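Here is a protein model to explore.

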Amino acid sequence: MGEQPSGEASNSDKSNKSPSGVMPDRKLTVRKSGASRPAAQDTSPVGKTSAGKKAAVNATPEKPAATKKAAAKKAVTKKAAAKKTAAKKTAAKKTAAAAEPAPAKKTVAKKTVAKKTAAKKTAAKSAAAKKAPAKKAPARKRESRAAMVRRAHQINRELAELYPYAHPELDFTNPFELLVATVLSAQTTDLRVNQTTPRLFAVCPTPEDMAAMDPERLEELIRPTGFFRAKTKSLLGLSAALRDRFGGEVPGRLEDLVTLPGVGRKTANVVLGNAFGVPGITVDTHFGRLARRFGWTTAEDAEKVEADVAAIFPESEWTMLSHRVVFHGRRVCHSRKPACGACAIAPLCPAYGEGETDPEKAKKLLKYELGGQPGQRLKPPADYPGQPAPPMAPPVGAS
């Protein structure tokens, strides 16, 4: 234990001494210098081997945290770039697909649908053209009320020359028959009423007789005029009212007539004007239509039309004006297709052109005596230029 180390060892010890002769503390030196200054090399074989192993271990140190973070950032950036590239490729594919032409089948189907639609539109236009009149009515010019009134009076004079034989187109011999015939004329023609009333008045010529009629028997007699149940109720009611309230006589005042069942202002004016000589304007469908076409009124309500026309003409003209206008509406100025080309008052009519303007075609539209056909009355006035209407044909199987 007390022996000195070999000479080689002593030399080594000597060389490791500091100039002052004091041995340095290796551990202290390593701590101060850190990893950057390695410890003294061992020149012995054994020392070299152990030092080599230590050097090999120290040669592959772990990557610092900053390097790891940088690598992670690069990886995330690469993934994001890859996603963007994939998204761009997908969008490009979609755009290219949208830009590509549709398949042949879809194109053919679209063309077929377009052809069908065009055909339908063409057919609709053709149908509209067929329904439309030959010429459109010209736009109505504005005129002062004074000018309209002058024109209205001129139209009335022209109609008076055209229809000097104008008359009520219901057969009657007294006020009661005219009242009953007018009630029956609702929703039917005067011809049908005239063909029905001879049998009716043969059975019940007075209000008392009619009020005592069996309802079913009365319905059977007036059935050809239509709406026979409602009309039977009205006839029984007004006959009873005449019997009980007016002594079996038809009253000659508007205020009394309109209180009877089934009697309105139009019916009352017909009876007053033609049975009692009291002026009145009868506004039926024909009169209202022509009053609007002539520009005398724009109203649709019958009472308003009556008031507007009454303000244009003197009271003495009201009854005959009604007959003339109704005559013209039934014979020439029809609802759907007026015979404008055969109308005597065409130069005065602001609605000229709404109907047929060709004279030859318009003549074929004329009715009753103007068209060479029978009138509506079985017993027309003596000055009537046309033919009397035929009586109703007897029922099939009747003897």
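To talk about how two helices pack, we need axes: these are lines fitted to C-alpha atoms, for helices over the stretch in contact, and the angle between N-to-C directions runs from 0 to 180 degrees. Keep in mind that this is a predicted model.

Now for a pair of helices. Helix 6 (residues 145-162) packs against helix 16 at an angle of about 75°, and their axes are 10 Å apart. Who does the touching? On the helix 6 side you'll find Asn 156, Leu 159, Ala 160 and Leu 162, and they meet Leu 321, Arg 324, Val 325 and His 328 of helix 16. Sorted by type, the residues in this contact are five nonpolar, two polar and one charged.

Next, the inside of the protein. In soluble globular proteins, nonpolar side chains tend to be buried together. Here the largest nonpolar core has 37 residues, and Phe 287, Trp 296, Val 309 and Phe 313 touch the most other members. Helix 6, helix 14 (285-293), helix 15 (302-310) and helix 16 each give two or more residues to this core, with helix 16 giving the most, five. What does Val 309 touch, leaving aside its neighbours within four places in sequence? Its contacts are Ile 281, Phe 287, Ala 291, Trp 296 and Leu 321. Apart from this core lies another one, made of 31 residues, including Leu 170 and Met 213.

What about the cysteines? A search of the whole structure turns up zero disulfides. A disulfide needs two cysteine sulfur atoms within 2.5 Å.

| Cysteine | Nearest cysteine sulfur | Distance |
|---|---|---|
| Cys 343 | Cys 349 | 6.4 Å |
| Cys 349 | Cys 333 | 6.1 Å |

So the sulfur of Cys 343 is too far from that of Cys 349 for a bond. Are these two buried or exposed? Cys 343 is buried, with a relative accessible area of 18%, and Cys 349 is buried too, at 16%.

Ser 335 is partly exposed, with a relative accessible area of 48%. Not counting residues up to four places away in sequence, Ser 335 touches Arg 289 and Arg 293. Its C-alpha atom is separated by 9.1 Å from that of Leu 290, although Ser 335 and Leu 290 are 45 residues apart along the chain.

Definitions and conventions. Residues numbered from 1 in each chain as written. Predicted model: local features only at pLDDT ≥ 70, side-chain atom pairs only at ≥ 80, totals over all residues. Heavy atoms only, no water. Buried < 20%, exposed > 50% of the residue type's maximum accessible area, 1.4 Å probe, protein only. Contact = heavy atoms within 4.5 Å. Helix = DSSP H or I, 4+ residues; strand = E, 2+ residues; numbered from the N terminus. Nonpolar A, V, L, I, M, F, W, Y, C, P; charged D, E, K, R; others polar. Core = buried A, V, L, I, M, F, W, Y, C linked by side-chain atoms within 4.5 Å.
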